[in-house]
Amino acid sequence: MIKKYAVTVFILSLSITMLAQKAANNRFDELINRYTKYHQTYHWQNVYVHTDKQVYYPPERIWMKAYVIAQNELDSVSSNLYIELIDCNKRKVYDKLLRIEKGLAQGDLLLPDSLLDGFYQLRAYTDLMQNIPSAYFF
């Protein structure tokens with residue numbers, strides 16, 4: 001009687017373990033499917049900007065070329081590139097809109113004479129990138 005009981009408990013625990021593993025595998029497959037669907041639905045972009053120099057003095061022009069990349073290729077989904085000049089207090093000092101054609105944008109930014117000495121950040125982003133935190137902007 002005890003042997004039958006032990007065998008029954010063993011078979012029952014084995015089947016419960018197998019069901020738990022199957023449920024875990026199903027959850028893992030569901031997670032993979034959700035991840036894949038998320039990346040197909042939401043289009044991630046990165047912007048890279050090249051400038052002609054590293055240091056500028058007013059009233060110089062910042063000449064630039066920008067690359068909009070998605071999945072390691074030039075991305076032509078967005079058509080506008082927003083360029084901003086940010087001061088050390090995180091305030092926008094100057095902005096410009098560049099046209100993106102086939103994943104590339106180029107243009108210039110004329111520094112105004114009224115610009116104070118200091119360190120400034122050049123920030124670039126697209127419309128789609130506004131849905132993510134600004135820490136991911138170029």
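**A guided tour in three stops**

Select P112 first: leaving aside residues up to four places away in sequence, P112 touches P58 and Y94. The model on display is a predicted one. P112 sits in the loop between β6 (104-110) and β7. Along the sequence, P112 and P58 are 54 residues apart, yet their C-alpha atoms lie 6.0 Å apart in space. Is P112 buried, partly exposed or exposed? With a relative accessibility of 24%, P112 counts as partly exposed.

Next, turn to the aromatic rings. A search of the whole structure finds 1 aromatic pair. Select Y82 and Y125, which form this pair: the rings are stacked, at 5.4 Å centre to centre and with 25° between the planes. Distant parts of the chain are linked here, since Y82 belongs to strand β4 (residues 80-86) and Y125 to strand β7 (residues 121-126), 43 residues apart. Compare the two partners. Y82 has a relative accessible area of 23% and is therefore partly exposed, whereas Y125, at 10% relative accessibility, counts as buried because buried means under 20%.

For the last stop, select L98 in strand β5 (residues 92-99). Which residues does L98 touch, not counting those up to four places away in sequence? They are M64, S79, N80, L81, I83, A105, Q106 and G107. L98 has 7% relative accessibility, so it counts as buried. L98 and A124 are 26 residues apart in sequence, and the distance between them in space is 9.9 Å, C-alpha to C-alpha.

Notes: Residues are numbered from 1 along each chain as its sequence is written. This is a predicted model: local features need pLDDT of at least 70, side-chain atom pairs count only at pLDDT 80 or more; totals for chains, interfaces and linings use all residues. Side-chain values use heavy atoms; hydrogens and water are left out. Helices (H or I, at least four residues) and strands (E, at least two) are DSSP runs, numbered from the N terminus. Buried means under 20% relative accessible area, exposed over 50%, partly exposed in between (1.4 Å probe, protein chains only). Contact means heavy atoms within 4.5 Å. Rings of Phe, Tyr and Trp (its six-membered ring) pair if their centres lie within 6.5 Å; planes under 30 degrees apart count as stacked, over 60 as edge-to-face and the rest as tilted.
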